[in-house]
Amino acid sequence: MTAEVHKSAETETPGLPVVVGGRLRSTHPATGALVGEFPVADDADVRAAVRRAGEAARWWAGLGFGGRAERLGRWRAALARRMPELARVVHDEGGKPVADAVIEITAAIDHVAWAARHARRVLGPRRVGGSILLPDQSALVTYQPFGVIGVIGPWNYPVFTPMGSIAYALAAGNAVVFKPSEYTPAVGQWLVDSFAEVVGDEPVFQVVHGLGDTGAALCASGVDKLAFTGSTRTGKRVMAACSETLTPVLVECGGKDAMIVAADADLDDAADAACWAGMSNAGQTCIGIERVYVHESVADAFVDKLVARAKRLRVGSDDEADLGPITMPGQLDIIRRHIADALERGGTAVLGGNDAVDPPYVRPTILLDVPEDSAAVREETFGPTLTVTRVPDLDEAVRRANATPYGLGSAVFSRRSGMDVATRLRSGMTSINGGMSFVGLPALPFGGVGDSGFGRIHGADGLREFARPKAIARRRFRTPMPIMSFRRGPRTDALIPKLVRFLHGRG
């Protein structure tokens, strides 16, 4: 659902999606080399895919946890065997270094394995406590798949991020209709094709390609739930569209993640993590660090270590590059504006600066003393830039870290205060003495608060996100004191208040 798309080949820009003759053209963001062409799905195509998915979902759910786990295991193995092939597609289409693509795919495979292995334990029937007032009843909770899950995926992590919805939805017994980003349709098609090669019985996992219109069509197509990852602005539009049919949504939007470096932090580890979490994937990471608040007593030493690491990073499109190009051409203007605004308002560039933006690349940039109300601090930059701010104590660091509307990820480096600070940070996830490490632990839920969205993928919470809880009360025997019946008499009516007072009358 992005407006930044050319519909004519005459104005084609490398990396910018173009629709020509009803087909979506995907190109490398640096070289402009054609990666693939894919048919654009209109409203009728999307609805037809959802209808097919609805029929396939019944077969898929009927396989049970064991049958689904076996098939997901086959897919996981195929992904592992063909990882170099998929990594090359990720590189060719988004510009991401192949080594980083391998790390992304590795994490995605781990999540497929976790979801398949734990679905029965998390979603199987479970007994819950009964009530003394209703001794004849036993209580049971079961989980039922929604049916068809629509997934709208992002371009920055085109394998790992949508897989957090796709794998968990499939493990829970749903069929999936996937609309990949128009910037990475080849990756989405590869995932669906690889699944069909090992699970070809029914169209359990399908793909629909297109621009924002196709995403809007998926919202209105009759899917039973929709999972979206993208910008906050587009997330609000997705919610509005789904509200017309009361379609439940899971929304994972952007972030402006902060790292706090305490006086007792290991500065080498902190600088390494800030460099990786802020600069990897050219900074195009929703859970990437964009702001660092460091105790004034160690600020100079930390900045020196951070700059030394960032200086060594090399941008380019070859296999030896550390940072690839900016995937969305329009993002270059945002990065340029944030850097310029920070410098014009008194900030200092100790690395990079205004000349760091060299389309389609951005060189690592580190900014000091940037005002807290500047665009570089308040808005999501999505580039390899970091603002570093000195603070007098951890209370001030937490206050500033929590001062934006976003609340996705965060990090804190401290030998003694890590847990205390982590619990005070307004974010869905926090890494202590690590950068973005929570994302590599499949059992941990992933999601944000505030403008970063709501709902969770990954872990047990992620499995439950794609299943409806079904409450079942089962009568075990005939009680001599029926409460929920007209058969109860005056004796029961008189006894009920006494029983309630005995059970609950003392505070």
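Colleague: Which side chain does Asp 493 meet in a salt bridge?
Modeller: In this predicted model, Asp 493 pairs with Arg 488, with N to O at 2.7 Å.

Colleague: How many salt bridges does the structure hold?
Modeller: There are 26. One of them is between Arg 82 and Glu 197, at 2.8 Å from N to O.

Colleague: Where do Arg 82 and Glu 197 lie?
Modeller: Arg 82 is in the loop between helix H2 (64-81) and helix H3 (83-94), while Glu 197 belongs to helix H6 (residues 185-198). The two parts are 115 residues apart in sequence, so the pair ties them together.

Colleague: And how accessible are they?
Modeller: Arg 82 has 21% relative accessibility and counts as partly exposed. The cut-off for buried is under 20%. Glu 197 is exposed, at 57% relative accessible area.

Colleague: What does Glu 182 pair with?
Modeller: Glu 182 forms a salt bridge with Lys 179, and their closest N and O atoms are 2.8 Å apart.

Colleague: Is that pair buried or exposed?
Modeller: Buried. Glu 182 has a relative accessible area of 3%, and Lys 179 has 1% relative accessibility.

Colleague: Switching to charge overall. How many positive and negative side chains are there?
Modeller: The protein chain has 58 positive and 57 negative ones, and the centres of the two sets are 14 Å apart.

Colleague: Now the whole fold. How many helices and strands?
Modeller: The chain has 16 helices and 21 strands. Its radius of gyration is 26 Å, close to the 23 Å from the globule rule for 507 residues, so the chain is as compact as a globular protein of that length.

Colleague: What does the C-alpha trace span along its principal axes?
Modeller: About 85 × 60 × 40 Å.

Colleague: What share of the residues is buried?
Modeller: Of the 507 residues, 57% are buried. The accessible surface comes to about 21,000 Å², and carbon and sulfur atoms account for 53% of that surface.

Colleague: Last one. Of contacts between residues at least 6 apart in sequence, what share joins residues at least 24 apart?
Modeller: That share is 69% in the protein chain.

Conventions: Residues numbered from 1 in each chain as written. Predicted model: local features only at pLDDT ≥ 70, side-chain atom pairs only at ≥ 80, totals over all residues. Heavy atoms only, no water. Helix = DSSP H or I, 4+ residues; strand = E, 2+ residues; numbered from the N terminus. Rg over C-alpha atoms; globule rule 2.2 N^0.38 Å. Buried < 20%, exposed > 50% of the residue type's maximum accessible area, 1.4 Å probe, protein only. Contact = heavy atoms within 4.5 Å. Areas by Shrake-Rupley, 256 points an atom, 1.4 Å probe, with all protein chains shown as cover. Lys, Arg positive; Asp, Glu negative; His and termini not counted. Charge placed at Lys NZ, Arg CZ, Asp CG, Glu CD. Salt bridge = Lys/Arg side-chain N within 4 Å of Asp/Glu carboxyl O.
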